[in-house]
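Q: I have a model open here and have not looked at it before. Can you walk me through it?
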Amino acid sequence: MIPTITAFECSPDRGRGLARDMRVRWALEEASQPYDVRLVSFDAMKEAAHLALHPFGQIPTYEDGDLVLFETGSIILHIAEQDASLLPKAAKPRARAITWMFAALNTVEPPILDLMTARIIENDKPWAQERLPLVMDRIRVRLAQLSARLGDAEWLEDAFSAGDLMMVSVLLRLRMSGLLDEYPNVAAYVARGEARPAYQRAFAAQLKVFTDRA
Ligand code: GTB
């Protein structure tokens, strides 16, 4: 039996790889794990059948036999635990890789999500333009810190891991903002992630969902 994940039937990003099924697809591709995808509409995500899988009515979910997971952090940790190329077997490097996964989700992603909220949801508020520079500066703080840590290293630790997969996935949402270009080593790090064959396969698969509908 192969796992099944859920993804948007019609992703608002039109296949640009920004929806969160992308990072799960990427992890599955890195782990050479075949998978099925069940596409769900916005309405179906709020219905009982999907809510039984995901209490918050979101994508992605992950089903493998009687195991059901939601939250990309948990799903990717589960996939990575079965593949040494994503999580080293040795305890300390493994703990470091997991630390970077948490850092991506809990420290780097929140200000980036704030920018999406400011740009998309709060855009029509009278204070929106005044707030935007504040939001961008909070992201710059994190990017500067990450840039300083990364230096000219290829990955966050000695070798690519699920920590890099999560960090690159989170940073990719900044592409359109131009902020990544202010930190060339971080931009190059993201580009290295995107260049990985597993990323390319995952990207092509989620893009095909969009082009098949067009
Ligand atoms: N913390 C959860 C996780 O990591 O799994 C967050 C899951 C989540 O936000 N899922 C979103 C969702 O289901 C899709 S990815 N939203 C529908 C809802 O909440 O009703 C977020 C997303 C959506 C759209 C774009 N886009 O169009 O560019 C990018 C990312």
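Q: Which residues in H6 do Arg-23, Trp-26, Ala-27 and Glu-30 in H1 meet?
A: They meet Leu-165, Met-166, Val-168, Ser-169 and Val-170, where contact means heavy atoms within 4.5 Å. Helices are DSSP runs of H or I with at least four residues, strands are runs of E with at least two, and both are numbered from the N terminus. This is a predicted model, where local features need pLDDT of at least 70 and side-chain atom pairs count only at pLDDT 80 or more, while totals for chains, interfaces and linings use all residues. Residues are numbered from 1 along each chain as its sequence is written, and side-chain values use heavy atoms, without hydrogens and water.

Q: At what angle do H1 and H6 pack?
A: About 150 degrees, with the axes 10 Å apart; axes are lines fitted to C-alpha atoms over the stretch in contact, and angles run from 0 to 180 degrees between N-to-C directions. H1 (residues 21–30) and H6 (residues 162–171) are therefore roughly antiparallel, the word for angles over 145 degrees.

Q: Now the sheet. What is the strand order?
A: S2-S1-S3-S4, in an open sheet with mixed pairing; two strands pair if DSSP finds at least two bridges between them.

Q: Why is one side of S2 and of S4 left without a neighbour?
A: Strands S2 (36–40) and S4 (67–70) stand at the edges, so each has a single partner strand.

Q: How many bridges join S1 to S2?
A: There are 5, and the two strands run parallel. Ile-5 has Val-37 in S2 as its bridge partner.

Q: Which strands does H3 touch?
A: Helix H3 (residues 72–80) packs on the sheet and touches S3 (61–64) and S4.

Methods. Parallel < 35°, antiparallel > 145°, perpendicular 65-115°, else oblique.
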